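Hi,

Here is the structure I promised to send over. Have a look at it first, and my notes follow below.

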Amino acid sequence: IVACNRKMLVVDCSRGISLIDNDPHIWLSPKNAVKMVENIYQGLIQVDPDNKDYYLTRKQIYIQRLIELDQKISEKLARKKKRKFIAYHPAWIYFAREYGLEQIPIEKEGKQPTLKEILKVINRAKVDKIGLIFVSPQFDPKGAKLIAKEIKGEIVVADPLAKDYIQNMCKIAEVLEKYLN
C-alpha cells in the first residue's frame with residue numbers, strides 16, 4: 001500500500017507497547033490503548049497540523065476516559081482469588097497480563113482445536129475450577145460449547161472488536177468480577 005502512495009504516513013500504533021509474540025490484540029489493554037491514542041495523535045498532527053488543538057483536546061478527553069476505565073477494572077479484579085478464564089479465540093492475553101489474570105486458550109494459531117486439545121482444556125478447567133468461557137462472535141463456538149457442557153460452565157460472548165470500546169471493556173470486567181470468586 002505504501003508503495004502505491006509514497007506520501008502516505010504509516011503510524012505504528014504499537015510504539016511503546018511491550019508486545020507478546022504472535023498476538024496482535026494490543027488494544028485489549030486500556031493502558032495499551034492510551035499509548036495507541038497518543039501514537040494516533042502524533043500521526044494526525046503530522047498530516048493535519050492546522051487542527052492540532054482539536055486533536056489534542058479529543059486525545060486528552062479520551063485518554064482520561066481510558067485511565068478511568070483502567071482504574072475501574074483494576075478495582076473490580078484486584079481482590080479476586082481465582083485468576084483464570086477460558087477463551088475460545090485467545091484475544092484477551094494483553095487484558096489478562098494487565099490485570100494479573102491467566103487466559104486459557106481453546107483455539108491455537110487460528111485453527112480449530114483437536115479433540116485431544118479440547119480434552120486437555122476440559123481437564124484443566126476441572127482441576128482449576130474454571131467455569132467461564134469467552135467466545136468471540138467472529139468464530140464458531142462449537143468447541144467452547146462442548147467444553148462448557150462438560151465443565152458445567154457458562155459461555156459469554158466477548159467481542160474483541162466491539163464498536164464501543166469502553167462499554168465493552170466494562171462489560172468484560174463485570175463478567176470477570178462475577179465469575180472470578
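Leaving aside its neighbours within four places in sequence, which residues is Asn-32 in contact with? Please keep in mind as you look that this is a predicted model. The residues in contact with Asn-32 are Ile-17, Ile-26, Tyr-94 and Arg-97, once those neighbours within four places are set aside. Asn-32 belongs to helix α1, which covers residues 30–47. The residue counts as buried because its relative accessible area is 5%, and buried means under 20%.

Now the segment before α1, where you will find Trp-27. With a relative accessible area of 23%, Trp-27 is partly exposed. Apart from neighbours within four places in sequence, Trp-27 is in contact with Ala-33, Met-36, Pro-160, Leu-161 and Tyr-165. Trp-27 and Cys-13 are 14 residues apart in sequence, and their C-alpha atoms are 9.4 Å apart in space.

That brings me to the cysteines. Cys-13 has 22% relative accessibility and counts as partly exposed, whereas Cys-170 is buried at 15%. The cut-off explains these labels: buried means under 20% relative accessible area, so 15% puts Cys-170 in that class. A search of the whole structure for disulfides finds 0.

The largest pocket holds about 290 Å³ of space. It is lined by 15 residues, and those closest to its centre are Asp-21, Asn-22, Asp-23, Pro-90 and Glu-109. Sorted by class, the lining of the largest pocket has 5 nonpolar, 5 polar and 5 charged residues.

Finally, the overall picture. The protein chain has 6 helices and 4 strands, and along the sequence they follow the pattern α-α-β-α-β-α-β-α-β-α. Its C-alpha trace spans about 60 × 40 × 25 Å along the principal axes. Of the 181 residues in the protein chain, 40% are buried. Among contacts in the chain with a separation of 6 or more, 61% are between residues 24 or more positions apart.

Best wishes

Note on methods:
Residues numbered from 1 in each chain as written. Predicted model: local features only at pLDDT ≥ 70, side-chain atom pairs only at ≥ 80, totals over all residues. Heavy atoms only, no water. Disulfide = S-S within 2.5 Å. Buried < 20%, exposed > 50% of the residue type's maximum accessible area, 1.4 Å probe, protein only. Helix = DSSP H or I, 4+ residues; strand = E, 2+ residues; numbered from the N terminus. Contact = heavy atoms within 4.5 Å. 1 Å grid on protein atoms, 1.4 Å probe; cavity = no way out; pocket = protein on both sides within 12 Å on 5 of 7 lines; lining within 4 Å. Points joined across faces, edges and corners; volume = space filled by probe spheres on them. Nonpolar A, V, L, I, M, F, W, Y, C, P; charged D, E, K, R; others polar.
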